[in-house]
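Hello,

Here is the structure I said I would pass on. My notes on it follow below.

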Amino acid sequence: MAGQQFQYDDSGNTFFYFLTSFVGLIVIPATYYLWPRDQNAEQLRLKSLRRVHGRCLWYRLRLMKSQQSIVPTLKKAALLFGWAVFLFLAYKVSKLDREYQEYNPYEVLKLEAGASIAEIKKQYRVLSLKHHPDKGGDEAMFMKLAKAYSALTNEESRNNWEMYGNPDGPRVTSFGIALPAWIVDQKNSMLVLLVYGLAFMVILPVVVGTWWYRSIRYSGDQILINTTQLFMHFMYKTPTMNMKRLVMVLTAAFEFDPRSNKEAIIRPTDNIEVPQLIRELGNINVKKKEPPFCYPYSLKARVLLLTHLARMDVSENVEEDQRFVMKKCPALLQEIINVGCQLTMMATSRGGLRAPRLSSIENCMKLSQMVVQGLQEAKSPLLQLPHFEEEHLRYCISKKYKVRTLQDLVSLKDSDRRNMLRFLGEEKYEEVLAVLGSFPYINMETKLQVLDDEDSNNITAGSIVTVTVTLTRKRMSEMFEKEEDAPPSTEETNAEEQGDAKTNKTKVWQNKNKGAKKAAKSKKKKLTKKKPVTQQQAKGDKAKQANGNVAGNDVAAASKAEEDDLSDKGSESDEAEGNKDSPSERDEESDKQSDTEVDEIAGDDEEEWEALQQSIQRRERALLETKSKVTHPVYSLYFPEEKQEWWWLYIADRKEQTLVSMPNHVCTLKDTEELEVHEAKALMDNHPQWDIPETEEEEDDQEDSDGIEESEEDEEDND
């Protein structure tokens, strides 16, 4: 039986194969993921956004970063160097000689296959005389000739060559290791052992440990677990959270603490600049001793957030720290909303727990908008537009125009809008219109269904209702175009005529109105008839209660058309019955009617089944597809980072101030998005972040939105 033998590469040739493969496995994926994207495409994108977003802070920072950054150049240089090494190794491998070649005695004797014994002996005699060691020939070559001659003339050697490929019989199986022999050399043993120990006992454990320590501190949304627990505690403690309290809870996040986040910085100049900003801001509840609101990092983050909302000028160091805080705020506010949803689900499923009020969750959404736009809660939304200052608002809120919102500004006629904004030059006015036209206008359509039911549109008590919402995004500029193209409506002309009538004789107008009312009453008495309530009319009443007057008017029109159809059908049936003479004809007619009713019911079932299948397919596609969260950039003058348009979609009970469905964070709305409201997922009973301490004092448990002001008054009294 043939033996086995392991040997290292003495020549070092096979090591190049291993090295080439190793470098290729690193360079090829690294190029795919790390190669800088086309800078020209990014420059073109920024150029297309310049007309609208040119004054935004994030836009100017992006331009500066693209001009000053050398990171893309370094990445390209490193990747090109890796490819140069890979190509060099590949070229080196291509030039290596093959160490293993199949043994062929005919090639050694330089004969053609199948040569006769006489030819073999003659050729061997010639070559042996030439390569004999006694005559100055090559001894190794002479040994090869003797071996080849024996393989072709000796019967046993010939059989071994034909069976094993070697005249001497089966050889030892050798396995080559693609590492050079100097690695196992005794002289280099200490060096090799040191490298192995450093790689596998120091570097690898440190890398894995660092990654693991970081991963267990953060949630899936890259929020510190300690921050989530902090939000859970204060959301449970204060179910009704006003804006001032929310700002304090937000800025107490551990992301702003240098001990938990190395990106956060406490500067020596903070002892001078932060108190000065506090004096400029006024009362921000500095004396409150409740931790962690009294900690320096929390106080600094609160001051930076409030100065951002007030649009105050700060120094360069403070501005850098302020940008860091602002970038973190949207994700932290989304985490507070998630925590509020979890507490609501826990209170609904378990009972005995206090769910956050709807106003608290909506304040989080409102504060997120305030942070992005850099506006205080009481400020006018018109200040989102460029070139608008506080002193310009008096032109908008005057009695003549009464423009207080962006929708009011859009609804004005172009001539009135230009006259109102006369304080702007022509270029600035065009920029304001371009920005206003880029703002989103959302159209929402809802559809309520009871799936797997005979009548999916009939909603009864206890039924599981599926709400399908279709969001359609349009630009405000489309509203401009519609207003310009739309002809004057008849309602406006009637209103103008009525206005003229009012300026004339008041008594005559009143008398005419009374006469019209009497005539309407008399006609109404003559036309009213009692009719059975149809199924569609009952649905119309429900829709009116759910959707308001708009849906009610539509359904009323549909029911009115149905009554007309029923009356027409009734007259036709009377005529048909009058023409019928025999009972057999009546039976045939009734059979036909029953068949048509069955066909209509079957057709409705097929439509509902197709709608259900389409809904299931949409869900499956939504699970498989990965949509981009890059939608439309938000126009934000003072936010330091490009922000995409995202939306919250939820169903709430305003009367009870509670959530009916959990807020759906819509991050993929580009043009149209269809969403469904699903049941809440099952809750975990033993999650560590839900361990809410029950030893809170009664006064702290009952703290609400007025708790901050009361604590301030108590502290002032104590002083």
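In which crossing, left-handed or right-handed, does helix 6 pass helix 7? The crossing is left-handed. Please keep in mind that the model is predicted.

Two helix pairs

Helix 6 covers residues 117-131 and helix 7 covers residues 139-153; their axes come within 10 Å and cross at roughly 165°. An angle over 145° counts as roughly antiparallel, and helix 6 and helix 7 are therefore roughly antiparallel to each other. On the helix 6 side, the contact is formed by Ile117, Ile120, Lys121, Tyr124, Leu127, Ser128 and His131. Helix 7 contributes Met141, Phe142, Leu145, Ala146, Tyr149, Leu152 and Thr153. Sorted by class, the residues of this contact are 10 nonpolar, three polar and one charged.

The second pair is helix 11 (residues 243-251) with helix 15 (residues 358-373), whose axes are 10 Å apart at an angle of about 70°. Angles of 65 to 115° count as roughly perpendicular, so helix 11 and helix 15 are roughly perpendicular to each other. Met243, Leu246, Val247 and Leu250 of helix 11 meet Asn363, Cys364, Lys366, Leu367 and Met370 of helix 15. This contact has seven nonpolar residues, one polar and one charged.

A buried arginine

Arg473 is part of strand 4, which spans residues 466-475. With a relative accessible area of 8%, Arg473 is buried. The side chain of Arg473 is joined to that of Glu645 by a polar contact of 2.7 Å. Leaving aside residues up to four places away in sequence, Arg473 touches Ser438, Phe439, Pro440, Tyr441, Ile442, His632, Glu645, Leu669, Lys670 and Asp671.

Backbone points to check

Most residues other than glycine have a negative phi, and most peptide bonds are trans.

- Pro291 and Pro292 are joined by a cis peptide bond, with omega about 0°. Pro292 sits in the loop between helix 12 (270-281) and helix 13 (296-310).
- Arg311 is not a glycine, yet has a positive phi of about 55°. Arg311 belongs to the loop between helix 13 and helix 14 (316-349), and is partly exposed, at a relative accessible area of 24%.
- His387, also not a glycine, has a positive phi of about 70°. His387 lies in the loop between helix 15 and helix 16 (393-396), and is buried, at a relative accessible area of 16%.

Regards

Definitions and conventions
Residues are numbered from 1 along each chain as its sequence is written. This is a predicted model: local features need pLDDT of at least 70, side-chain atom pairs count only at pLDDT 80 or more; totals for chains, interfaces and linings use all residues. Side-chain values use heavy atoms; hydrogens and water are left out. Axes are lines fitted to C-alpha atoms, for helices over the stretch in contact, and angles run from 0 to 180 degrees between N-to-C directions. Helices (H or I, at least four residues) and strands (E, at least two) are DSSP runs, numbered from the N terminus. Angles under 35 degrees count as roughly parallel, over 145 as roughly antiparallel, 65 to 115 as roughly perpendicular and the rest as oblique. A crossing is left-handed if the near helix is turned anticlockwise from the far one by less than a right angle, and right-handed if clockwise. Contact means heavy atoms within 4.5 Å. Ala, Val, Leu, Ile, Met, Phe, Trp, Tyr, Cys and Pro count as nonpolar, Asp, Glu, Lys and Arg as charged, and the others, Gly among them, as polar. Buried means under 20% relative accessible area, exposed over 50%, partly exposed in between (1.4 Å probe, protein chains only). A polar contact is a pair of N or O atoms within 3.5 Å; within protein, one must be able to donate a hydrogen and the other to accept it, and residues adjacent in sequence count only if both atoms are side-chain atoms.
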